[in-house]
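Visitor: Could you walk me through this one? I'd like to start with how the chains come together.

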There are 2 protein chains.
Amino acid sequence: MINVAVMGYGTVGSGVVEVVDTNGARINQRIGEELNIKYVLDLRDFPGDPVQDKIIHDFETIVNDDDIQIVVEVMGGIEPAYTFVKRCLQAGKSVATSNKALVAKHGAELLSIAKEHNINFLFEASVGGGIPIIRPLNSSLTADEIEEITGILNGTTNYMLTKMFYEGADYDTVLKEAQANGYAERNPEADVEGYDACRKIAILSSLISGQQVDFEDIYCEGITQITVEDMKYAKAMGTTIKLLASSKRTGDRLHAIVAPCMLYPEHPLYNVNDVFNAIFVHGNVLGDAMFYGSGAGKLPTASAVVADVVDAAKHLNRNIMTMWKQDKLTLEDKGDAKRRFFIRMKGDAEKELPNLKYSFGDVEIVKVPELAGEFGFITPVMMEGDYDTRANRYKEQILHMIRIEG
Amino acid sequence: MINVAVMGYGTVGSGVVEVVDTNGARINQRIGEELNIKYVLDLRDFPGDPVQDKIIHDFETIVNDDDIQIVVEVMGGIEPAYTFVKRCLQAGKSVATSNKALVAKHGAELLSIAKEHNINFLFEASVGGGIPIIRPLNSSLTADEIEEITGILNGTTNYMLTKMFYEGADYDTVLKEAQANGYAERNPEADVEGYDACRKIAILSSLISGQQVDFEDIYCEGITQITVEDMKYAKAMGTTIKLLASSKRTGDRLHAIVAPCMLYPEHPLYNVNDVFNAIFVHGNVLGDAMFYGSGAGKLPTASAVVADVVDAAKHLNRNIMTMWKQDKLTLEDKGDAKRRFFIRMKGDAEKELPNLKYSFGDVEIVKVPELAGEFGFITPVMMEGDYDTRANRYKEQILHMIRIEG
């Protein structure tokens, strides 16, 4: 029998218990042993709940119980999760977590403690919810240099942008709607400002580079500035707008960024709608691949956590994760990244065109007939630093700039 | 140092050598040891080729060399591949293969020999080329009951159907074009009749059920009967036509089928175009997921083979694959599967409607104005056996039937 402790009986924690209840027979068959949830750690009691007898309030019970071989951490936040996880690993217990904040900040250290003790620190559910991406990067795409990972990594903002694009709704309306049906929190900052996606791309960047990428170093722009007008231009261009979290190799550096981007229909992420997430990967020999699914939600996330528990159970005394070192990777300067830009500008296109051509090169005008007194244009591929310099001359006229992907 | 022998120096075999050359440093880092291709087995010589000194013609050299720990089989076909692979496994050498015919027919036996010897028989490249699907099923989706796998598993036919749909071209023209640019073989039967996709869905069905599914038992219909007219109806209905290979759980049985199907835009496979492949998976707790990428081609396939070699190297004396037993799974009778059907029929819709309603229930008429003397209709959800019985009364009038997915 393999004994497991679950730390945190919130949404994901109760999902983990439900998944083990529902698919226990199949899971035991895959492990070759019986999986038993011995403790559920939470501050609260749950009278009447099936786990009521397993509820404990003291972490020491878990860390001091030699029967516990695997610990699930689904409390969220940095503390006390970090202290608890570290002590479990030091006590020789493998840990599976869905906690992206913890992994983004302390992943390198926790991985190295797990390696020292020949056990595992697994975190499939921390990126992309139920979508397998960490394990494929760790054990499937091992013949490749990963040159790009670009993802739609936040379901809340993707739901909102999908509504705005297909229904022409404005930002405030869709945010209220998302909050009303539980897709967005009352304080939506972590989602709409891109912080959630940023932590996830920091984790993926660390994994593919093998070095620490701090999310604070990644340029991060949310969707709060996206308007009904922007969506009209996007449609006129045959594009859509998605919040992309991206990490691209340029030489020995990575260019990492989180920002709303215009995508053409040929891009595999173009059709990823509603709360779905997807992760596009380009390998130097594999070519293009994409992983798509439910990026959040109780059961999909719990499915990924329990899959990690199964893997930990099958590798009780064998470390299987690729490491990333604690020394920081130098990211490419944001100004050095090359791409095209879409700009909305006040004024008259025909009048401005000669100036714009002089400043930006061979620009392409985009018009939305119903929007009077403004127009849009697309720049050729240029460095973002050069764009900034040139755009500075027009700062009184520029209404909005959105990056173009691909 | 880990010594590898490659059996077969055709497209995939030379790809494997190229991948190891290109990404060797990274691959060695992941294994923690140096990977060395010691032999390349082929009937031919390759004077001037970088591998010329490694070329051998006698299989006995490989099986008798204790230095060889991993063997790559990329010869294709059942014999002599089967005999060679079996002897390698019996000699305690792990095997990685891209050979779907071999895996579909002898997978269960070869997996059990590998398990006996505590080594591995790996075949990621046999389904979906470079797309990771076998390993995710084996080690990521382990908390789930997989209730459905539906894939676009053949790039040639997907390329042809994409051309027919978007360009209105007819079957013979796109086949010639596919042959001219190397996407279809001179004898295209294995692709266009669905046999290739059928072997792949047989492998996936065996994996998710844990029992042997013979491809000969799966109903298989290719794309040779798909016409320009069919595509016009598909467009009128807002659908597209894809060759789907599908396996769905109904109770303790699987319903497996390969057939061209109409798909609505909401389906994740709707936008999978050209030579790309994709595999849709539904798990009982995971929900929907999809894996997308290059389903064939020299380097993507070689990427998957080399990833298997890396996994074999990291698990030299530890069996990691889920088994499937040699006893055959009873598939659900084709007649018992439920779905909607689209039918093209000679005659006049208004005149026939009362009869059709009497026979099929609440049918929906579809018209393509430019196609005179015929019309289309969609049945409600019904068993295929019931459809067959009822359609039999109209067999003189029915021009074509296409199944509707979802």
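Visitor: In which sense do S12 of chain A and S12(B) pair, and over how many bridges?
Guide: In this predicted model, strand S12 of chain A, residues 287-294, pairs with S12(B) in the antiparallel sense, and the pairing runs over 5 bridges.

Visitor: And which residue in S12(B) does A:Ala289 stand opposite?
Guide: A:Ala289 stands opposite B:Gly293 in that strand.

Visitor: How many residues of chain B are in contact with chain A?
Guide: There are 41 residues of chain B in contact with 41 residues of chain A, and on the chain B side H1, H5, S12 and H11 each supply at least two residues. By class, that side of chain B divides into 20 nonpolar, 14 polar and 7 charged residues.

Visitor: Changing topic, at what angle do H1 and H11 of chain B pack?
Guide: Helix H1, residues 11-31, and helix H11, residues 298-314, pack at about 45° with their axes 8 Å apart, so H1(B) is oblique to H11(B).

Visitor: Is their crossing left-handed or right-handed?
Guide: The crossing of H1(B) and H11(B) is right-handed, and their contact has 12 nonpolar, 4 polar and 4 charged residues.

Note on methods: Residues numbered from 1 in each chain as written. Chains lettered and ligands numbered in written order. Predicted model: local features only at pLDDT ≥ 70, side-chain atom pairs only at ≥ 80, totals over all residues. Axes fitted to C-alpha atoms, helices over the stretch in contact; angles between N-to-C directions. Helix = DSSP H or I, 4+ residues; strand = E, 2+ residues; numbered from the N terminus. Parallel < 35°, antiparallel > 145°, perpendicular 65-115°, else oblique. Left-handed = near helix turned anticlockwise from the far one by under 90°. Nonpolar A, V, L, I, M, F, W, Y, C, P; charged D, E, K, R; others polar. Contact = placed C-beta atoms within 7 Å. Pairing = 2+ DSSP bridges.
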